[in-house]
Amino acid sequence: MKTPKNHILVIFGASGDLTYRKLVPAVFDLYEKKFLPNNFAILGLGRTELSDNQFRDKMKEGIEKFALKKIDEHLKVKISDFLDKLFYYAFNTDEEREYAGFKDKLLGLDKDLGTNNNFIFYLATPPSMYTTIPCHLAKYGLNSEDEGFSRLIVEKPFGYDLETAKTLNDSLFRNFREKQIYRIDHYLGKETVQNLLVTRFSNAIFEPLWNRNYVSHVEITSAESIGVGSRGGYYEGSGALRDMVQNHLLLLAGLTAMEPPALIDSNSIRNEIVKVLQSIRPIKEEEVDKYVIRGQYIASSVKGEKVKGYREEQGVDPESRTETYVAMKFFIDNMRWGGVPFYIRTGKMLPTRVTEVVIHFKPTPHHLFLSHAAITQQQNQLVIRIQPDEGLLLKFGMKVPGSGFNVQNVNMDFHYTDLADVYLPSAYERLLHDCMLGDSTLYSRGDAVEAAWKFVKPIQDAWANNKGSKVHGYPAGSWGPDIADELIEGSDLTWRYPCKNLANDGNYCEL
Ligand code: BG6
């Protein structure tokens, strides 16, 4: 494992939840595994006045709650050593002239700690600051790589639509080069998402079949069993299309469908992902209702417990038409996938939490055994389980022992947990480490982000312009609007339902 160069990780928005729950615990996990350089510090920034010690106390709590390792006595000593590397500086990050004081603080630390002018700036702030902060950093020369490195990590959401994403890219490019910009999509940091590439490109039994000749359709699901909780205010302005489809699900589609890259490096892999995103057939505004189903969870009862509907959540408009569920069908117009439908689906308050990619293979050209028994010809499926219970499941037909040729579908199931000493790093741990090493392979490139926004634009336009476009109510705890089944063509085909519907009541309806 390579060790990053000495550096300081500067976190804007350090008094916020992301720093507390994800970033600092992930950096601690890296520290604990000795993946950090000798000379390293975190400099937290924010408007809230905090001393170094107050910041350290808060982060200690975050590490104890959210780091992956179980905290024992030995680890407590390590936490206390790690906390010495944390510093805090309060200032108004909006105000250009206040960057002079911040720069003095940063360069002072750099000198004291010997971090060689290497800085990573992490924007864990509200998106409204994504243009301001890089601009002010540049004014003070902190974008320069003359003496060390200067990298910028930008959290999602990267824009609100195509227009704003382009404006944001343009604004970043005025001060930073693409090579310095790391747009985070935590799905790419998931171990099993990366394993998609290994499954495809290192197994002779899969790669030759991975195309229109053998695959009937591809299904990608990211289901959540929780609602919007306290994030209602944010979610109202976002909805599932922006929150999950434009980024996470389209990237999963990109990785599933891409051509083998020439090399395993950042540009080669990201070039192939962009090509897929650019080849997705645009859905015309007038056809959106045919190809895209949106839904919103309504009150129901699950296992005897009453569950709130989306409109009753804190911060949500009681007449909201924001979608908490999206299912869609699209085609990738290229040589490999011509004519193969891709179905993607995501939703909140579904019966379980699961993210998976399912490759449905075509049936054999001749149904030799069909006449021998009351079985329906089942298609082979390869299920790539991204989370939880990460692993691979292959479904295929076997002869039922005894007379005749009765065929039964059976499973070959691999679970990551079966690997000895398995340790799946958190997505943030992996991505932060990559950025420290200067590897942007698992970060979204500007052109990919724009291609994804370009694809969702007519959907956003159709929903905004056509007030009559339907939002389907689905009972919390169900698998979403039942009409989504109609997207999948074929009389005996449906979505894969990894577990049963949990909603005991509540009516499917139009909102
Ligand atoms: C985030 C979304 O990007 O991803 C959340 O903003 C969503 O709404 C989350 O819950 C899902 O991530 P994961 O890793 O739990 O699948």
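1. The side chain of Q296 reaches the backbone oxygen of S320 at 2.9 Å. Q296 belongs to strand β8 (residues 292–298), strands being DSSP runs of E with at least two residues and helices runs of H or I with at least four, numbered from the N terminus. The residue Q296 is buried, with a relative accessible area of 1% (buried means under 20%, with a 1.4 Å probe and protein chains only).

2. This is a predicted model, in which local features need pLDDT of at least 70 and side-chain atom pairs count only at pLDDT 80 or more. Residues are numbered from 1 along each chain as its sequence is written, and side-chain values use heavy atoms, without hydrogens and water.

3. R385, placed in strand β14 (residues 381–387), is likewise buried, at a relative accessible area of 9%. Its side chain is joined to that of D413 by a polar contact of 3.1 Å (a pair of N or O atoms within 3.5 Å, where within protein one must be able to donate a hydrogen and the other to accept it, and residues adjacent in sequence count only if both atoms are side-chain atoms).

4. Helix α10 (residues 266–279) and helix α13 (residues 446–465) have axes that come within 9 Å and cross at roughly 20 degrees, and α10 and α13 are therefore roughly parallel to each other (angles under 35 degrees). V274, L277 and Q278 of α10 make the contact with D447, A448 and A451 of α13, contact meaning heavy atoms within 4.5 Å.

Definitions and conventions. Axes are lines fitted to C-alpha atoms, for helices over the stretch in contact, and angles run from 0 to 180 degrees between N-to-C directions. Angles under 35 degrees count as roughly parallel, over 145 as roughly antiparallel, 65 to 115 as roughly perpendicular and the rest as oblique. Buried means under 20% relative accessible area, exposed over 50%, partly exposed in between (1.4 Å probe, protein chains only).
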